[in-house]
Every structure is written in C-alpha cells, then in structure tokens.
Amino acid sequence: MKWFRPDAEPQAVLPAQGEVRHSLALNALYHRLDSQRRYNVLDLGRACSQNVEFFSQFCGKIYIEDLLSTLSSFDYLSPEDGTSLDAVFEYLLPYQSTTRFDIVFSWDLFNYLEPDSFRHLIGYLSRFCPPGALIFSLISTLESIPDKPGTYRIQDSETLQYPAPGTILRRCPCYQEPDLLRLMPGFRVCNSFLLRNGFKEYLFIRRR
Amino acid sequence: MWKKNEPEHSSPEIQSEAPVQQLKERALIGASITVKGDLVGEEDLLIQGRVEGKIVLKENNVTVGSRGNLKADVHAKIVSVEGRVEGNLYGKEKIIIRKTGRVRGNLVAPRVSLEDGATFKGSIDMEAAKQPAVSQPKTRQALATPQVPSVKSEADSPRKVSVGLSAEGAPTSQR
C-alpha cells in the first residue's frame with residue numbers, strides 16, 4: 001500500500017527559476033482580502049522569501065511546512081504498522097486545536113498525493129479551516145508532471161513565477177473538478193482558471 | 001590647524017575608544033564546544049558549536065554560524081542563522097535566516113528575512129512581536145513527540161516503508 005506519490009528529497013540547491021505567469025486565482029484571492037483584517041496563512045510548500053514578503057502584507061501568522069519533502073523523508077511509519085493517515089498528519093502537522101488557517105497555499109502538492117492521502121489531508125486541515133477559509137491550488141491537466149514539486153514564487157498580487165520544468169517527469173493523476181470536490185468535502189470551487197501551460201488554478205472556499 | 005589636530009593625538013577620550021571597541025566584540029562558542037543549559041549575557045554572541053537549552057541576550061545580537069547547531073530557544077535583539085536551529089527564535093528587532101540556515105521552530109520578530117536557499121519549517125509571527133506581550137507558541141518538538149505511537153519494527157530499527165513512488169508515479173520519460 002502506498003500513501004504518497006512523491007520520492008522527493010529536500011532540495012539542497014537553489015531551485016532554478018521558471019516562467020513568470022499572470023495568476024488570475026491569486027489575484028482573485030488577493031481581492032477577497034479585507035485590508036483591515038489579519039489572516040493566518042498555511043503554506044504547504046517550501047519556504048521562500050518572496051512568498052513570506054507577500055504574505056506579510058496581510059498576515060497575522062504564517063505557517064510554513066514544506067509538506068511534500070517531509071512526507072517523502074518520512075520513512076518510519078506505514079499502514080502495516082497500524083498507523084492511520086490521520087495519525088500521520090497529526091504528527092507531521094501538530095497544530096493546537098485553537099489554530100485557525102484563513103488561507104492555505106497548497107501549490108501543486110495535490111498532484112503528488114494518492115487520493116486517500118489527499119482526502120485525509122483535507123479532512124485533517126478542515127479542522128483548522130473556518131467557514132470562508134480559502135485554498136489556493138494548482139492542478140495539472142497534463143499527462144506528465146515534474147518528478148518533484150517545485151517552488152512557486154509570488155512576484156506580486158497577480159504574478160506567479162513557476163519552477164523550472166525539470167527533465168524527469170512522472171505521470172499525473174489529472175484530477176478533474178468532480179474528483180477534487182469528492183476528495184475535498186466541505187469545500188467548493190470559488191474560482192478556477194485553465195492556463196495555457198496545462199495547469200488549472202483553483203481557489204477553493206470552505207463552505208459555511 | 002595645529003590646535004584642531006591636537007585632540008586626535010592627545011585626547012584621553014579618543015584613546016579610550018579602543019577598549020570600548022574591544023568590549024563590543026562578540027563572544028564566541030567554538031565548534032568543538034557543547035553547552036547544555038541556559039546562556040544569559042550582555043554581549044553579542046557567535047555560536048559555532050552546539051547549544052542545548054535557552055539563550056537570552058535580549059539587548060544583543062546572536063549569530064548561529066555555519067557550523068553552529070542549536071537545540072534551544074533564542075531571545076535576542078537580532079538573531080541571524082547560518083547553521084542549524086531546532087527551537088523558537090524571538091528577535092526584538094529582526095530574525096535573519098541565511099541561505100545556509102536550517103531552522104525548525106517558530107519565529108517571532110517584527111521583521112523576518114529569509115534568504116533564498118534557506119530551509120525553514122514552522123511559523124512566522126511578525127504581529128505578536130509588535131505588541132508588548134508576546135505569547136509563546138508551543139514548540140514543534142514538544143507537540144510532535146507524544147502524538148504517534150511507537151512504530152519501530154521488530155528489529156527495533158526504522159523500517160523503510162512505502163512512502164515512495166507509486167507505479168503510476170514512476171519516472172516515465174525524460175524531457
């Protein structure tokens with residue numbers, strides 16, 4: 001049984017930079033924000049100075065996890081041991097019950113998760129996402145995706161720099177919107193935009 | 001002219017600046033040194049060794065050098081990390097994680113600088129540091145440890161499990 005798709009090692013070297021693209025979903029997210037409010041942000045990707053700088057405009061607290069690297073190097077728990085996925089996520093993302101995430105940046109993480117892991121991750125995060133919480137996600141519609149997820153860098157409220165494409169590819173689950181909604185109970189699609197590069201940007205919102 | 005230059009050579013005030021400069025030099029914990037316990041003081045500190053405990057230099061700067069390894073909470077004016085830290089960092093003015101820095105913990109400071117290439121996991125709180133009372137977040141180690149049952153294999157050694165590539169996820173082509 002496999003929990004996670006990736007076999008990514010933490011990248012020791014500075015990742016190469018890729019194309020810069022207009023991001024309609026990021027822009028939509030930004031325009032939903034109330035300038036008088038401070039938001040708690042969960043970034044499931046790798047720590048990146050530009051993103052932290054961007055978040056700091058509206059953030060009370062920023063949580064950075066680099067979850068995929070953690071999952072990939074997490075080699076001492078398995079379903080055969082009787083450990084549940086819920087326990088794994090509780091261990092890897094040990095938040096206090098009072099923690100609240102208003103915005104979650106999952107980037108392209110979902111492309112690398114088995115459906116079961118995907119559903120459990122969303123189920124776990126839902127505990128900390130109040131109604132109205134947003135998830136920004138990039139879902140590939142292409143057959144192949146880079147072997148390892150990259151670092152996406154926010155240039156400004158409507159521009160995103162993609163990671164360099166890389167040379168080794170793997171097959172992509174190509175989650176369609178109905179698949180995503182099935183795996184993300186409690187969320188609905190707020191905005192979605194298909195990009196020319198084959199990615200679909202999604203902004204999900206926690207239902208009331 | 002003569003009088004203008006005179007103080008530069010004879011003024012006791014200027015002569016006394018040299019020892020003051022020396023006092024401002026930072027203390028060093030060398031690479032071969034391990035400290036277990038709390039460190040408190042009133043001078044800047046460079047850590048190239050290992051520290052386990054707590055470091056409180058609230059009015060001074062603490063630098064964790066590239067060979068430094070901390071399992072400690074740090075309270076300082078400016079905290080700069082080039083090495084490894086597992087613990088919470090509290091910067092009165094600023095926290096800087098250099099490109100070689102690896103930090104796992106929570107950062108509380110009005111300004112946080114994260115250089116590209118730095119590895120960081122935890123939370124960043126730039127608001128709490130601006131307020132007079134800082135609530136201390138729970139450390140990640142403390143939170144992480146008790147929640148998962150022991151799952152070591154019969155041989156009592158970590159078991160490599162199926163966290164890797166699925167058949168679908170195996171590399172399929174090279175671009």
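**Helix H1 of chain A**

I began with what covers the buried residues of H1(A), and in this predicted model the cover includes strand S5 (134-140), S7, S8, strand S10 (187-194) and strand S11 (199-206) of chain A. The helix itself runs over residues 24-32, and I noted A:Ala25, A:Leu26 and A:Leu29 as its buried residues. These residues cover an arc of only 100° around the axis, which means that they sit on the same side of H1(A).

**The S7-S8 hairpin**

Strand S7 (residues 153-156) and strand S8 (residues 159-163) of chain A pair in the antiparallel sense over 3 bridges, and they form a hairpin with 2 residues between them.

**Strand S3 of chain A and its partners**

I next turned to strand S3 (residues 59-64) of chain A, where 5 of the 6 residues are buried, so the strand is largely enclosed by the rest of the structure. Strand S2 (residues 39-43) of chain A pairs with S3(A) in the parallel sense over 5 bridges, and A:Tyr39 has A:Cys59 as its bridge partner in S3(A). Together with helix H2 (residues 49-55) of chain A, S2(A) and S3(A) make a right-handed β-α-β unit.

S3(A) also pairs with a strand of the other chain that I looked up, namely strand S10 (residues 119-125) of chain B, in the antiparallel sense over 4 bridges. In that pairing, A:Tyr63 stands opposite B:Ser123 in S10(B).

**Helix H5 of chain A**

For helix H5 (residues 115-126) of chain A I checked the length: at 1.5 Å a residue its 12 residues should span 16 Å, and the end C-alpha atoms are 16 Å apart, which agrees. The buried residues of H5(A) are A:Ser117, A:Phe118, A:His120, A:Leu121, A:Ile122 and A:Leu125, and they pack against helix H4 (85-92), strand S4 (103-107) and helix H6 (177-183) of chain A.

With 16 other C-beta atoms within 10 Å, A:Cys174 is partly exposed.

**The nonpolar core and chain B**

The largest nonpolar core holds 84 residues, of which A:Val104 and B:Val74 touch the most other members. Strand S5 (residues 69-81) of chain B gives the most to this core, with 6 residues. Leaving aside neighbours within four places in sequence, I found B:Val74 in contact with B:Ile55, B:Val62, B:Val79, B:Gly87, B:Leu89 and B:Tyr90.

Finally I took the totals for chain B, which has 4 helices and 11 strands. Buried residues make up 32% of its 175 residues. Of the contacts in chain B with a separation of 6 or more, 6% are accounted for by residues 24 or more positions apart.

Note on methods. Residues numbered from 1 in each chain as written. Chains lettered and ligands numbered in written order. Predicted model: local features only at pLDDT ≥ 70, side-chain atom pairs only at ≥ 80, totals over all residues. Expected span 1.5 Å × (residues − 1). Buried ≥ 20, exposed ≤ 12 C-beta atoms within 10 Å, placed from the backbone. Contact = placed C-beta atoms within 7 Å. Core = buried A, V, L, I, M, F, W, Y, C linked by C-beta atoms within 7 Å. Pairing = 2+ DSSP bridges. Arc of directions from axis to C-beta. Right-handed = clockwise from strand over helix to strand, strands pointing away.
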